[in-house]
Amino acid sequence: MKRVIRFVLNGFEVEVETDSHMMLLDVLRDKFELTGTKEGCGQGECGACTVLVDGLAVNSCLFPAFEVEGRHVTTIEGLIGEGAKLHPIQKAFVDAGAVQCGFCMPGMVMSAKALLDENPTPTEEEIRAGISGNLCRCTGYVQIVEAIQLASQYIQESKRG
Amino acid sequence: MKDLSFVGKAIPRPDAADKVAGKAIYIHDLKRPGMLYGKIKYSDYAHARILHIDTSKAEKLPGVRAVITAYNTPEVRFGFIRDNVALKKGKVRQFRDEVAAVAAIDPEIAQEAIDLIKVEYEELPGIFDPEEAIKEGAPIIHEMDPRGRPKTDNIVPVSWRFVAGDVEEAKRKAKFIAEDELQTPPISHACLGTAGCIAEFDLQNNLIIHTKTQIPFLAQNDFNRALAQIGLKGKNTRVIVPTLGGAFGSGLDTHGYEYIAILLAYKTGRPVKIVLSREEEFKTLSPRQPTRTKIVQGCDENGRLLFREVKMVLDNGAYTSWGATTPSVMMLPISTLYRVPNVLYETLLVYTNNTYCQAMRGYGNPQATWAIETNLDHLAEQAGIDPMDIRFINKNIPNDISPMGLHITTCGMEECLKAVRNKLNWDEKRGKQRDKARGVGVSCLFHVGGSGRVYRSDGTGVILKIDDFGYATLVTGAIEMGQGLVGALIVATAEALGITPDRVMVVTGDTATCPWDVGTHASRGAFTACNAAIMAAEKARAKIFEIASEHFLNRVKYKLDQLKKKDPNFQLPDLGIKGQLQPEDFDMRENLIFLKSDPNNEYLKVPLDELVREAHFKEQGTMIVTEAFYDPCNQMIDTKTCRGNLSATYIFGAQGAEVEVDLETGHVKILKYVAAHDVGKVINKHTILGQIYGGAVQGMGFALCEEYKSEKGRMLNPNFLDYKILSANDLNFPMEVELVETIDEAGPFGAKGVGEPGLVAVAPAIANAIYDATGIRITSLPISPEKLAMAIRKKRNSS
Amino acid sequence: MKRFDYLMPSSIKEAIEAHLQYGNRAKFISGGTDVLVKMKQKALDVDCLISLRRIPELKGIEANGNSIRIGAMTTFREIIGSSLIKERLPALWKASSVLANPQIRNVATIGGNISNAAPSADSVPPLMVLDTKLIIQTSNGLREEVLEDFFLGPGSTKLKEGEVLKEIVVKLPSLECKTFFIKIGRVSQDIAVVNGAIAMETEGDEVKKVRCVLGAVAPTPLRLKGVEEKLLGQKITPDLIKEVQHLAEAEVRPITDVRASMEYRRHLSGVIVKRLIEMAIGS
């Protein structure tokens with residue numbers, strides 16, 4: 001069955017017709033051509049498809065498209081500011097050398113955002129638990145953890161001044 | 001070495017921002033106008049005759065544009081001994097065999113069509129154990145060899161045998177001997193970005209293929225051969241490589257799905273995209289070569305190694321790919337890890353109905369080092385020598401030639417061992433914590449660090465282009481697959497040229513526009529491409545300084561005149577220049593050209609862009625474009641004698657772990673991990689650490705939890721639920737990296753390749769630590785909690 | 001994925017009516033993290049999924065006299081965030097915090113975990129060691145099932161077609177009752193190879209009350225009645241623990257699958273029971 005769903009995508013009100021068996025991931029990539037969010041496994045194990053729905057990190061590969069009706073969805077594309085400015089979390093990942101092949105990055109950054117939104121100064125253990133649903137095959141996570149610590153610092157700094 | 005501005009620092013890589021912004025385009029994100037989607041039908045049996053393929057229903061499904069089988073397409077044969085075909089005819093030999101394929105207007109319709117294809121098989125007995133496959137009466141998997149000659153056994157006509165000295169004699173002389181049998185399973189690359197391609201033809205029937213590959217030019221060659229087989233001999237292929245979501249060796253081969261995409265594109269006249277799902281990636285992409293190894297090592301009363309004998313039986317799977325050549329690399333540690341005068345290495349490769357294997361990070365070295373280093377600890381115990389000490393006693397040394405003919409130049413093994421010894425507090429801990437089920441373990445490693453001449457050419461070409469704005473574009477055929485090649489290249493190019501890294505743009509991944517490169521394997525990317533970049537940069541500097549000798553003073557005087565015009569009181573300085581300036585008078589750093597004789601004079605500096613424009617925008621102008629082809633001073637291994645200096649330099653390392661074992665559940669907790677690597681020279685701190693951390697963690701997976709499981713040829717765990725790779729939550733312990741810089745003159749700024757070494761020593765280091773903690777030596781990987789717990793239980797019950 | 005209809009009723013009544021229309025060609029879906037994976041793997045084949053996400057009566061955590069009521073559609077994130085559950089049902093809290101990963105916990109629900117009826121379901125042992133009942137809405141009104149008797153086999157429960165699991169009602173354990181949960185996986189984030197919970201009350205040195213449940217060692221989560229009998233009225237000694245460990249190993253009926261062998265699961269059963277007892281008396 002088809003249906004027009006209306007929701008807020010990266011701050012903009014949008015509407016799109018979609019099929020009942022589609023997942024949010026398909027809608028984002030195919031209907032909106034927001035290819036930043038990736039499919040890594042399709043089964044909710046790898047986190048490459050992580051987006052925020054009403055501020056919560058979810059695997060968009062298992063999030064039925066119809067369920068976004070009336071909700072706020074934030075994808076990796078929603079973090080870029082005006083003037084192609086990287087979000088502090090993204091900048092931290094670049095500065096900490098945490099990026100290799102990059103495929104896990106959009107999902108990883110979104111999980112980091114959800115984590116820092118809820119817990120602005122997490123311990124290393126909390127960071128590792130917070131990204132435990134995001135698999136990375138390249139980095140061994142060391143520089144990713146450092147990036148999230150740096151991101152926390154950047155965000156605190158920007159709040160202060 | 002002169003003062004370096006950027007080499008050794010942590011410089012953000014140029015592709016990082018796009019990747020964290022979600023803007024990088026991977027094969028999954030790429031669309032071509034009019035594109036169709038391809039899907040593949042795989043075999044229902046491990047071994048069977050194909051009796052009949054009924055594609056009639058699939059063909060009629062609306063939205064389907066082509067259905068192909070071996071029976072309605074020309075045969076496309078591939079593989080390095082050409083024993084594989086794109087679509088199977090007559091027989092299937094493994095579950096992942098491709099029997100048919102569909103191109104349709106969307107992936108769902110394509111999958112529906114696949115499900116409508118009905119194949120009739122006559123099942124044949126399958127064989128899944130190489131040692132069974134060589135027995136009398138075993139079912140024959142290839143009844144004919146690739147040349148059409150009858151075949152009556154399952155032995156693969158690829159074998160390896162290395163002999164140095166006299167092992168039998170050495171066995172008689174040895175005071176202590178240790179013997180072990182060890183196994184490693186197949187391992188999936190598990191790249192986050194799965195494999196895929198888009199194939200299309202232009203109107204002259206040349207092929208353009210966007211594909212996940214690490215070998216664009218060798219792939220071009222493979223695809224051109226395929227074109228010849230489908231009736232397009234003489235046509236050319238353009239291989240374009242999108243951003244890769246990891247590769248780890250999986251892109252060193254060309255694959256069935258690529259040839260199928262080409263056939264579908266040819267049949268439909270439209271671009272056809274095939275992207276593997278995660279399940280397909282696990283089931284149908286070749287994993288790391290599994291091994292069964294028998295090893296014997298012996299030493300004298302002082303712990304000096306006298307001999308090493310290694311015999312391997314290798315499950316080749318149903319077709320032959322790079323898994324069969326891993327012994328050519330395994331030979332390196334087997335002959336050269338530590339100084340061993342007498343070595344025998346023999347392999348037997350056998351066809352089975354299991355999946356076939358390809359290259360994976362380390363290319364056999366992790367499997368060989370697993371055997372050598374585990375057995376060495378066993379030998380140390382026999383000899384009553386501390387495992388750390390026995391390694392110091394036998395350590396590799398600089399300026400040595402190994403039995404295989406490898407020329408070791410720089411060698412930081414001793415420094416690496418010392419680092420592990422100190423950082424793990426080895427002397428305080430080894431043998432002293434068994435009551436707490438804690439232990440420390442060490443392993444060394446040795447790998448190619450200056451590429452490896454596995455093909456006749458080991459070259460990498462670059463073109464360096466300086467534009468009118470002082471920006472340099474470095475164009476190379478080497479591939480960025482996440483490992484950080486671009487991060488190393490911007491540093492090396494900037495440093496060698498005399499500009500800043502932010503002004504270097506790297507272009508890769510297009511056989512039509514990039515200079516030839518043999519492939520990004522053997523940890524060679526940064527080593528060869530940076531060396532080539534340095535060569536090209538030196539040529540560019542020569543041109544720039546040539547131009548400077550003509551135009552530098554003009555620019556200087558022009559600017560002084562401008563200053564004077566602005567401020568009539570300005571005093572024109574005495575520049576102190578007599579006569580004509582020569583090219584050798586100049587230097588360039590951080591985008592500015594200046595005189596060597598007066599480097600700090602602010603008036604005697606001209607930005608590069610001004611000079612280039614000066615030379616370019618005039619009659620009979622000139623441009624600055626240089627090229628270089630770097631082919632290292634190394635050799636192919638002689639296939640008969642197995643001798644040759646495969647690499648231009650070698651990388652050494654030592655890794656160590658402190659672990660704590662839960663004796664009841666078998667879980668191994670790493671308390672601390674140390675990775676010490678002789679890297680020659682750090683080019684970019686970010687990327688080198690990334691490679692070592694990343695490699696080490698893949699090694700930990702190899703050691704503790706990863707295993708491609710199969711039963712009668714069927715893969716049992718084709719998903720992340722049951723093929724476990726480590727998550728951040730598994731790794732909450734300090735990982736210390738020690739970078740030993742031995743400054744090798746073969747390398748760019750002294751650097752060696754580090755893509756693979758991080759992984760090589762992990763499994764034995766951890767296993768050796770587990771032994772220290774528990775007294776139990778596990779000889780098959782992974783050392784899963786189950787395996788360890790049951791071994792502990794068994795030991796407890798028997799005592 | 002195969003095509004299916006997706007309905008989003010806003011009341012239980014609507015949901016039940018929709019299900020009755022489709023019969024066994026429909027299935028209720030809560031967080032979707034089990035159902036959708038099964039659909040993708042073709043282990044489940046239905047034409048319609050009926051979402052329970054927008055039904056307010058299925059949400060909420062509240063204390064109700066001497067029990068806690070948890071709406072079936074309460075997510076694990078909400079359970080972890082509930083100080084009431086953290087304090088009064090700490091074993092359930094622990095199980096919720098090690099289930100899957102953060103993204104899954106944000107949408108997966110306790111009702112979904114129970115109805116999915118995997119023998120390894122993490123939320124079940126902590127609930128089963130206490131007096132837990134399930135309130136089920138049918139087209140004819142409400143009915144109750146005791147959690148312990150709810151499971152029929154792997155993936156199979158007493159929930160009938162057209163019935164909605166409405167809430168889980170857990171009788172609060174007394175303050176003397178110690179409850180613990182252990183999960184053993186292959187790595188830190190995993191489906192349980194074996195999991196288990198204990199609820200134990202001691203008076204002086206003696207075990208006054210005890211219940212012990214292990215998951216992933218039988219077709220349904222298993223109460224180890226033999227172990228419980230052995231412990232009841234006894235003083236816990238290292239020898240008793242050892243005996244009980246052997247008893248647990250004999251009592252379970254695990255299988256070998258891709259995750260673990262029967263032997264290892266049997267072995268772990270003994271280990272987990274031992275550790276649960278040690279934790280219960282240690283506190």
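This is a predicted model: local features need pLDDT of at least 70, side-chain atom pairs count only at pLDDT 80 or more; totals for chains, interfaces and linings use all residues.
Lys160(C) has a relative accessible area of 51% and is exposed, because exposed means over 50%. If you also select Val124(C), which is 36 residues away along the chain, you will find that the two C-alpha atoms are separated by 19 Å.

Next, go to the contact of chain B and chain A. How many residues does each chain bring to the contact? Chain B contributes 53 residues, and chain A contributes 46 residues. Between them the two chains bury about 3700 Å², of which 59% is on carbon and sulfur atoms. To look at a salt bridge in detail, select Asp29(B) and Lys38(A), whose side chains meet at 2.7 Å, N to O.

Now turn to the aromatic rings. A search of the whole structure finds 21 aromatic pairs over all chains. For an edge-to-face example, select Phe7(A) and Phe32(A), whose ring centres are 6.0 Å apart and whose planes stand at 85°. Phe7(A) belongs to strand E1 (residues 2-9) of chain A, while Phe32(A) sits in the loop between helix H1 (24-31) and strand E3 (50-53) of chain A, so the pair ties together parts that are 25 residues apart in sequence. Phe7(A) is buried, at 4% relative accessible area, whereas Phe32(A), at 21%, counts as partly exposed.

For a stacked pair, select Phe545(B) and Phe586(B), which are 6.2 Å apart from centre to centre with 25° between the planes. Phe545(B) lies in helix H15 (residues 525-566) of chain B and Phe586(B) in strand E24 (residues 586-589) of chain B, so this pair ties together parts that are 41 residues apart in sequence. Both Phe545(B) and Phe586(B) are buried.

Charged side chains can be found over rings as well. Select Arg3(A), which lies over the face of Phe66(A) at 5.5 Å from the ring centre, and then Arg777(B), which lies over the face of Tyr771(B) at 3.9 Å from the ring centre.

Move on to helix H6 (residues 216-229) of chain B, where 14 residues at 1.5 Å each should span 20 Å, which agrees with the 20 Å between its end C-alpha atoms. Among the buried residues of H6(B) are Pro216(B), Leu218(B) and Phe223(B), and ring pairs link Phe223(B) with Phe78(B) and Tyr259(B) into a cluster. What covers the buried residues of H6(B)? The cover includes strand E11 (196-201), strand E12 (207-211), strand E13 (237-240) and helix H7 (256-268) of chain B. After H6(B) comes Gly231(B), whose phi is positive, near 100°.

Finish at helix H10 (residues 365-383) of chain B, whose 19 residues should span 27 Å at 1.5 Å a residue, in agreement with the 26 Å between its end C-alpha atoms. H10(B) is mostly covered, with 17 of its 19 residues buried. Just after H10(B), select Gly384(B), which takes a positive phi of about 70°.

Conventions. Residues are numbered from 1 along each chain as its sequence is written. Chains are lettered from A and ligands numbered from 1 in the order in which they are written. Side-chain values use heavy atoms; hydrogens and water are left out. Helices (H or I, at least four residues) and strands (E, at least two) are DSSP runs, numbered from the N terminus. The expected span of a helix is 1.5 Å times one less than its number of residues. Buried means under 20% relative accessible area, exposed over 50%, partly exposed in between (1.4 Å probe, protein chains only). Rings of Phe, Tyr and Trp (its six-membered ring) pair if their centres lie within 6.5 Å; planes under 30 degrees apart count as stacked, over 60 as edge-to-face and the rest as tilted. A charge sits over a ring if NZ of Lys or CZ of Arg is within 6 Å of the ring centre and within 35 degrees of the ring normal. Contact means heavy atoms within 4.5 Å. Buried area is the accessible area (1.4 Å probe) that two parts lose on being put together, summed over both. A salt bridge is a side-chain nitrogen of Lys or Arg within 4 Å of a carboxyl oxygen of Asp or Glu.
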